[in-house]
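Trainee: Could you take me closely through the aromatic side chains of this protein, and say how their rings are placed and how far they are covered?

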Amino acid sequence: MDKTINISNSKPDNVKPKPRRRHSPTARISKGESPKRPKKYQPGEFKRKLLLIGIEILSLSITAVLVIMVLLGYSANRFSGTSFFGSLLPFAIGVLALILVTFIFFIGWWKLRKWLQLHSELLTPILSLLFTLLITWLVIHGEFSLAYGNFRTLVGGKEEAGRMTIAHQVYAAYRRHGPAQLQKMVNRAQEYQQAIKDAAVAFDVDVNLLQGIAATESSFMPRDSSDGGRGLFQITQVPKTVVAQALKRLGTEKVSLENSRHNAFIAAATFKHYLAEMKDDLFLALLAYNIGPANGGLRFIMQQYGASNFTTIQPYLQTLPRDYPIRVLSYSLAFRLWQKEGKLLAYEEGNNAIQIQRIGIPGLHTGS
């Protein structure tokens, strides 16, 4: 049988297939193609991008913290109480909803960020900074400050609740005095402003607190009283160390209590002494200032009755001036309002109560 072999499709065994030709980077460049390389930032450009991202993260963090504090403050006020279904459960649900809303906000921001980056890398930090400024402005104005106060009460617990109770006693005392009576006090104080200011600076105490002490002690009518008080601050017994400190600041060897400047320096040194003794508790320091070192002073009285703060010592001060700190701080509040507003606001008119509470009581609401 005749067999025909097709040689055209057969390949010799010793013939190897040609390797596939790979184009070198230079060959691609010659054809107009550029090699893919990771983008490298210059040092200055990297720092700029890092700064923009830092501004964005910091702004969003501040915004989130402020919003959370305000919303928790509103919730604490709205659902205050001990009822499980009426207060505790709704508050817990509100916290859960706040977490979800925060999560959704950041997802939305991430998508918005991608769109903004297509137009300009400056838009995201600018927009986040504007958010922060807007929220901050809202928090420190109007009723948002009350929500922040409720948040402080929520976190501060019993200590903050006691402080707020006493603060409202001060506001009530300010209201009882009335703007007309307080204005007379402010007018009489003008003659002694420089001496009191110098004493406050010398001993690093709030000048409005010193003004409040002078108003309570002498109504800015210096005199010698029947109980031994002398001068503008009605100085009686003071520790020797206090006198030494006042003499040092005054730069003199002898103190004269009839001299209003000397009297103010003695008062500032005394108040500073009791403030340190009472571990910066403003109410106790004022009470200790008024009681003085007689009978062991306030510290001995507190140890005797087992009291630990101004709230717990008040019931035991039946024959002592337990309202002294309230009166001092109500006058101090008047001087602060005069300093910041240029006038004394009637507490019960319009939104003055909110405005006065926002300005705060000297020594009690100073960023604390």
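This is a predicted model: local features need pLDDT of at least 70, side-chain atom pairs count only at pLDDT 80 or more; totals for chains, interfaces and linings use all residues.

Mentor: Phe 106 counts as partly exposed because its relative accessibility is 35%, where buried means under 20% relative accessible area, exposed over 50% and partly exposed in between, with a 1.4 Å probe and protein chains only. Phe 105 also counts as partly exposed, at 35% relative accessibility. Residues are numbered from 1 along each chain as its sequence is written, and side-chain values use heavy atoms, with hydrogens and water left out.

Rings of Phe, Tyr and Trp (its six-membered ring) pair if their centres lie within 6.5 Å, and planes under 30 degrees apart count as stacked, over 60 as edge-to-face and the rest as tilted; by this rule there are six aromatic pairs. One of them joins Phe 105 and Phe 106, whose ring centres are 5.5 Å apart and whose planes stand at 70°, so the pair is edge-to-face. Phe 203 and Phe 265 are likewise edge-to-face, because their planes are at 75°, with the ring centres 6.3 Å apart. This pair links distant parts of the chain, 62 residues apart, with Phe 203 in helix α6 (residues 193-203) and Phe 265 in helix α9 (residues 260-277), helices being DSSP runs of H or I, at least four residues, numbered from the N terminus. Phe 203 counts as buried at 4% relative accessibility, and Phe 265 is buried with a relative accessible area of 2%. Tyr 192, Phe 220 and Phe 335 form one aromatic cluster.

Conventions. Helices (H or I, at least four residues) and strands (E, at least two) are DSSP runs, numbered from the N terminus.
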